[in-house]
Amino acid sequence: MSIEALLSRWRTDPETAPNLPIWRTTPPRPADLRPFPADLPSVLAESLAARGILSLYSHQTQAWESARRGENVVLATGTASGKTLGYNLPVLAALLENPETRALYLFPTKALTQDQLSGLNSFQASIKNLRSAIYDGDTPQSHRSAIRKNANILFTNPDMLHTGILPHHTNWGDFFRNLRFVVIDEMHTYRGVFGSHVANVVRRLKRVAKFYGADPQFILTSATIGNPQELAGRLIESPVTLVNVDGSAHGERHFLVYNPPVVDPALGIRKSSTQESVRLAQDLLAQNVQTVVFARSRRSVEILLTYLRGSPGSRTGRGSPGSRTGQGNRERKEIENSRSPILHSPSPIRGYRSGYLPSQRREIEKGLRDGSIRLVVATNALELGIDIGGLEAALLVGYPGTIASTWQQAGRAGRGDDPAVAVFVATANPLDQFLAHHPEYFFSRSPEQALVNPDHLLILLNHLRCAAFELPFQPGEGFGELPAEKLKEFLDFLVGSQELHLSGDKYFWMADSYPAAAVSLRSASPENVLLHIEDGQAPRILGEVDLASAAWMVHPRAIYLHEGQQYFVQDLDLTRNTATLIPVALDYYTEPLRQTEVSLLATLGLTPCPSGTGESCTKAYGELQVTTQVTGFRKRQWLGGENLGEEPLDLPPSELQTTGYWLTLSEQTIEALRAARNWTNDSNDYGPGWNRLRDAVRLRDGYRCQVCGAAESGIRLHDVHHKVPFRQFLSTADGVPGSFGEANRMDNLVTLCPSCHRKAETNLRMRSGLAGLATVLGQLAPLFLMCDSGDLGVYTDPSSTVFGHPSVVLYDQVPAGIGFSQKLFEIHAELLRRALELVEECECEDGCPSCVGPAGENGVGGKQETLAILELLAGRERE
């Protein structure tokens, strides 16, 4: 069956067709071709003709003309539109005209670097003096000296430029003296923390080049984003010409949104997006359609891979070694019995993500090109332009995090004139549901603005240290767009910390350390935790995770997944940055449980927000201190996700000083909500005599938890819990206030230990409107920031302890912030308007995972309260 036949079956399949609210077909598009430019060297024209290329796309011609005029250029056209040729031709022409010309190519990943080198080498036969080479962390030491001396086109990544080239520029004197071009590929990946670091690396590159008398020209490429010209200008701090009209051809393209069916209309619960994605992937596999399945996280990749290769482990595995129960020995034995050999048999279904060894990745890429691998489950590691051949289908399990990434992933299918399909499978996440109902975000101009902040204090200081190591700072010198007087303040600070030495009027590096080695471009933490396998064989390293993620990914007793294999974490040693893992086969996975506290350090901006009758709220942004601790973990069954229980952990808290945006409700808004009985964040008043009643219940229950049997100990008393939530008695069906007596009957009260009380509260949770508002804002914000939802933290302050009134806080998950909070402050009104649309359009009755979040299994949701808050903030009275 062809892909067209499968699509035809999906259109009529009763299990699939009703769940496809969006099916957008783009007809084949002919190429907008232009003849070779008159000034294209004949050697290049002949080389292209030998490869069957007899003309250029219009955007390639435009890029050529701009580059030949000496302009910096950013090419922002679609996936597989020939952007590589757009920068290779000007560089190769310059090399033919002057054999001393040098060019530096920067790629965000090593895999992409390897891939692009093979493409350039196709010109090797016709350009005799082309000497291209890769210089990265995998380059053998024995080859490096020859590369420094001979290469005229150098392929590397920002990390190697930062640590291995700029600090040793004296070894690269000839290269920098003749540096004519710098190519920055996949520019849209350089945003947030990574982009801010890279912008400073570019500052250092331009500074070193200037020292050798060079002023290189920049050519950048980007996926479709809202501000490619602005981002390019921020990265290189020079004017840039934008080329964004795509002249390439493509075959028929189908873009489908699959929204899993609702199985419980009242609760708004949909079928599992994972299970539905597996079903669609199996349809594609059955018809031998070569497919890439994109998942949001490393864990999701492994879960999908496990389902597609066969059912997950069948052992019960409900315990884990070291559980704080009397069953510890039995559980320890169970883990030992569940040890699993690591299998390496060839499979047509493979995973692909960070953490795999480079040799594994190259093997998988080759299998995709030669067709031996029919389906690959990947993170966004396969999103960039690595050559994996012409796949026929792309399945996106959950929103990839940005519109640009959505089209990058969808574009991995159907390279060339063949038809292709991309299917976005929406999860229950509110942002996924918003996009499923607002397809214009996919098909109209991208709303995303890629943000970088090169002058972020911590990042800037780190790169000033690196720059001073490379070359002394001269009097009156600036750093990129940082003026000399401002730079002097920072340099004097580094003198005061005895890292720089002021001699005459020059600043010299004086510390013994090598600063670039201590600065990671990819995260706030340069450190990683190594994962060691212990399975009775020789100890070996499985992979690594960054230190900031270790507490929630590889905490003690966690289940860690790697290429479909489960590993039980025996130990996490944060003093040695190692984790010890055992391969196992269990029927559950784990989720971390976290607690967060926020305190206000400084307010940087604050504006009252008027409504029709007064002030509805204030919006603000400023500096915050965020304290987070992983306090335990939850076990969930592979099939169905059933909660198998929770276990405590004793891990140290982490502190983050960052920036945040917050919305604080006015007293007027809260009083209006109280009057309409749409406010449940006030503390409960359990009525007169509550303390005596509470003691009587504990005495009746023998001072023991009535769930787990734990006795009270020390000064920590057990809690008394209302079986039917107290707030449900506050008003009757006709709105008349209820009585304390009915709520506080002895048969409605039970003694619970704190742990069991938390579980009961979750089950019976009455979700507040404030919590619902936090959920929907936190899920929608990434759509406008071009960031991952994990880049933002969300916090609610219902008790007014931090900001004076009940508030919702969204904060940057980066030390000192990266600019997200100020942007949210600026788009406050748009964010609230879109949040109101999302909640109004959701079909659930009282809150669900797709809007304000669900209540407990037997609790009350917060949809009505959240709608009431959003309508008041929007200046709209409820009908």
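Student: Which residues does Thr866 touch, not counting residues up to four places away in sequence?
Tutor: Contact here means heavy atoms within 4.5 Å, and by that rule Thr866 touches Ser768, Gly769, Gly772, Leu773 and Val852, once residues up to four places away in sequence are not counted. Keep in mind that this is a predicted model, in which local features need pLDDT of at least 70 and side-chain atom pairs count only at pLDDT 80 or more, while totals for chains, interfaces and linings use all residues. Residues are numbered from 1 along each chain as its sequence is written, and side-chain values use heavy atoms, with hydrogens and water left out.

Student: Is Thr866 buried or exposed?
Tutor: Buried means under 20% relative accessible area, exposed over 50%, and partly exposed in between, with a 1.4 Å probe and protein chains only. Thr866 has a relative accessible area of 0%, so this residue is buried. Thr866 belongs to helix α28 (residues 863-873), where helices (H or I, at least four residues) and strands (E, at least two) are DSSP runs numbered from the N terminus.

Student: What does the side chain of Thr866 reach?
Tutor: A polar contact is a pair of N or O atoms within 3.5 Å; within protein, one must be able to donate a hydrogen and the other to accept it, and residues adjacent in sequence count only if both atoms are side-chain atoms. Here the side chain of Thr866 reaches the backbone oxygen of Gly769 at 3.2 Å.

Student: Which residues of the largest nonpolar core touch the most other members?
Tutor: In soluble globular proteins, nonpolar side chains tend to be buried together. A nonpolar core is a set of buried Ala, Val, Leu, Ile, Met, Phe, Trp, Tyr and Cys residues joined through side-chain atoms within 4.5 Å. The largest one has 113 residues, of which Trp10, Val423, Leu663, Leu777 and Leu783 touch the most other members. Helix α25 (residues 769-785) supplies the largest share of this core, ten residues. Apart from it lies another core, of 45 residues, including Tyr135 and Val240.

Student: How many aromatic pairs does a search of the whole structure find?
Tutor: A pair of aromatic rings is described by the distance of the centres and the angle of the planes. Rings of Phe, Tyr and Trp (its six-membered ring) pair if their centres lie within 6.5 Å; planes under 30 degrees apart count as stacked, over 60 as edge-to-face and the rest as tilted. The search finds 20 aromatic pairs. Among them, Phe424 and Phe442 are edge-to-face, at 5.6 Å centre to centre and 70 degrees between the planes. This pair links distant parts of the chain, 18 residues apart, with Phe424 in strand β18 (residues 420-425) and Phe442 in helix α17 (residues 440-443). Phe424 is buried, at 0% relative accessible area, and Phe442 counts as buried at 3% relative accessibility.

Student: What is the strand order of the open sheet of seven strands?
Tutor: Two strands pair if DSSP finds at least two bridges between them. The order in this open sheet is β6-β7-β5-β8-β9-β4-β10, with parallel pairing, and the edge strands β6 (132-134) and β10 (241-243) each pair on one side only. Within the sheet, β5 (residues 102-106) and β8 (residues 179-184) pair in the parallel sense over five bridges, and Tyr105 has Val183 in β8 as its bridge partner.
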